[in-house]
Amino acid sequence: LTFPLLSVTLLVSFGSSMLYGYNLAVVNSPAEHIKAFYNATWSQRYGHGLAHGPLTLLYALTVSIFALGGLVGSLLVGMLVERYGRNGALSRSALLVLLAGGFMGFSRELGSPEMVIIGRSITGLHSGGCCLGCAQPLPHGSGPYSHSQGMEKASYYPKALFFICLGVFSAQVLGLPELLGEDRFWPLFLSVVVVPASLQLLLLHCFPESPRYLLIERNDVSGATKALHRFLGTPDVQNVIEEMKEEQQSLSSMEMVSVWQLLRDRSVRWQTLSVVVVNAGMQLSGIDAIWFYTNTIFENTGIPVSQIPYTTVGTGAIEIVAGLIGCFTIERVGRRPLIITGFCAMGVCSAGITISLLLQAALPWMRYVSVACVVGIIAGFCMGPAGVPFLMTAELFMQSHRPAAYIVGGSLNWFCNFTVGFIFPFLQMSAGAFCYLVFCGVCLLVALYVYLIIPETKNKTFMEISHIFA
């Protein structure tokens with residue numbers, strides 16, 4: 001990689017994928033402080049505190065509203081990139097993060113829980129557009145719903161997983177009591193998101209716009225040539241220009257399929273169903289419950305309160321290692337083995353948490369089995385289900401169907417993320433230790449579906465995959 005290309009890759013990943021991971025985990029450690037703030041504010045306004053149920057509802061909304069914002073952002077990103085280019089879309093998303101940081105940072109001073117919720121929704125809007133949208137490692141490409149780079153962009157997602165894990169780990173470290181884990185620091189903890197967003201906003205203008213966007217979308221051959229000179233570090237870029245011109249010509253004659261047409265197309269119904277099952281299963285596997293409510297889960301397993309933050313950081317470190325393993329093995333091992341093994345491991349570990357919770361009264365050491373099972377869920381997810389669905393979505397469809405397939409998969413991802421984040425506290429209250437059996441069932445059913453239905457897509461053309469499905 002040339003230095004400009006490497007720099008823009010790191011900049012975009014730092015301000016998008018890493019920020020997405022940070023926002024997934026940032027509400028975990030200050031949960032009790034935020035609830036106390038909500039309760040105190042309610043008492044000041046109405047003269048009485050919140051009951052346990054309404055307080056849990058308000059906090060669950062704070063956690064899960066991030067995913068609703070992400071859903072909206074993922075649907076808007078194609079339009080933003082088409083209108084403003086990749087750099088323009090990223091800059092506007094960074095401005096949104098600054099606004100969100102202001103809302104959350106000043107929420108306690110102004111006595112407004114609503115500002116926390118609004119700030120969380122805006123960070124979700126940013127993540128929906130950036131992390132799974134215009135954040136890519138290469139200077140060409142226009143978002144997950146562009147016509148041109150579905151395959152190339154999909155191969156980026158397993159790599160982006162490392163930065164997502166790094167963001168989760170950063171939130172866990174900053175949430176330690178010695179850093180920003182104390183009650184007086186939680187607004188600052190939530191608003192740390194402005195730091196990477198500000199860096200991205202300041203430095204992004206130093207890099208050229210996407211060459212492919214300039215040539216294919218704007219027909220600016222001169223601008224695309226200059227951008228390629230800068231990114232590739234070579235004066236001879238004519239071959240790349242000609243390749244993009246051929247792509248532009250082929251795209252102009254290609255009719256893109258809408259979401260409704262995709263859902264009605266019987267020739268790809270099994271591929272579409274597979275995208276639905278795998279993407280929904282990825283979020284309903286319980287990984288979001290782990291990220292959002294790690295401290296609560298550990299507290300229920302009997303881990304001493306003083307040890308919980310450090311145990312959480314330990315799981316984050318293992319998560320980074322598992323993410324790296326997934327990045328380096330996905331092209332060697334293949335898609336099916338990783339995703340089947342990952343879901344099976346998550347299902348077994350979810351059942352293990354239930355068993356350890358039921359036995360911990362008689363066997364105190366079972367609390368450590370619970371921690372091991374949480375680590376197993378995280379490791380299983382990062383090594384398979386985390387990156388494979390996005391890559392598999394690109395490989396299951398021809399170019400004309402990929403944009404619609406990404407919309408279906410991405411929308412399900414965010415909606416199921418919201419569902420788990422919102423209902424898990426109530427599921428935990430009503431089902432107790434047995435709530436993890438729900439995730440166990442989902443994981444094992446998805447693994448069975450992949451084993452029976454989805455073929456290995458590595459090094460296969462769309463026609464070969466379509467023939468296997470048929």
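Here is a short tour of the fold, the nonpolar cores and a nonpolar surface patch. The model is predicted. Its protein chain has 23 helices and 0 strands, and buried residues make up 57% of its 470 residues.

**Overall picture**
- Among contacts in the protein chain with a separation of 6 or more, 80% link residues 24 or more positions apart.
- The protein chain has an accessible surface of about 18800 Å², and carbon and sulfur atoms account for 68% of that area.

**Inside: the nonpolar cores**
- The largest nonpolar core holds 101 residues, and the members touching the most others are Leu262, Phe381, Phe424 and Tyr436.
- Helix H4 (residues 52-105) supplies the largest share of this core, with 12 residues.
- Both domain 1 (1-207) and domain 2 (257-469) give this core at least three residues each.
- Leaving aside residues up to four places away in sequence, Leu262 touches Val257, Val268, Thr272, Phe397, His401, Ala404, Ala405 and Val408.
- Another core, of 11 residues, lies apart from the largest one and includes Tyr213, Leu215, Ala227 and Met244.
- As general background, nonpolar side chains in soluble globular proteins tend to be buried together.

- Helix H18 (residues 335-359) contributes the largest share of the patch, 3 residues.
- Leu437 counts as partly exposed because its relative accessibility is 39%, which falls between the 20% and 50% cut-offs.

Conventions
Residues are numbered from 1 along each chain as its sequence is written. This is a predicted model: local features need pLDDT of at least 70, side-chain atom pairs count only at pLDDT 80 or more; totals for chains, interfaces and linings use all residues. Side-chain values use heavy atoms; hydrogens and water are left out. Helices (H or I, at least four residues) and strands (E, at least two) are DSSP runs, numbered from the N terminus. Buried means under 20% relative accessible area, exposed over 50%, partly exposed in between (1.4 Å probe, protein chains only). A nonpolar core is a set of buried Ala, Val, Leu, Ile, Met, Phe, Trp, Tyr and Cys residues joined through side-chain atoms within 4.5 Å. Domain bounds come from an automatic or database domain assignment. Contact means heavy atoms within 4.5 Å. Accessible areas come from the Shrake-Rupley method with a 1.4 Å probe; for residues, only the protein chains shown count as cover.
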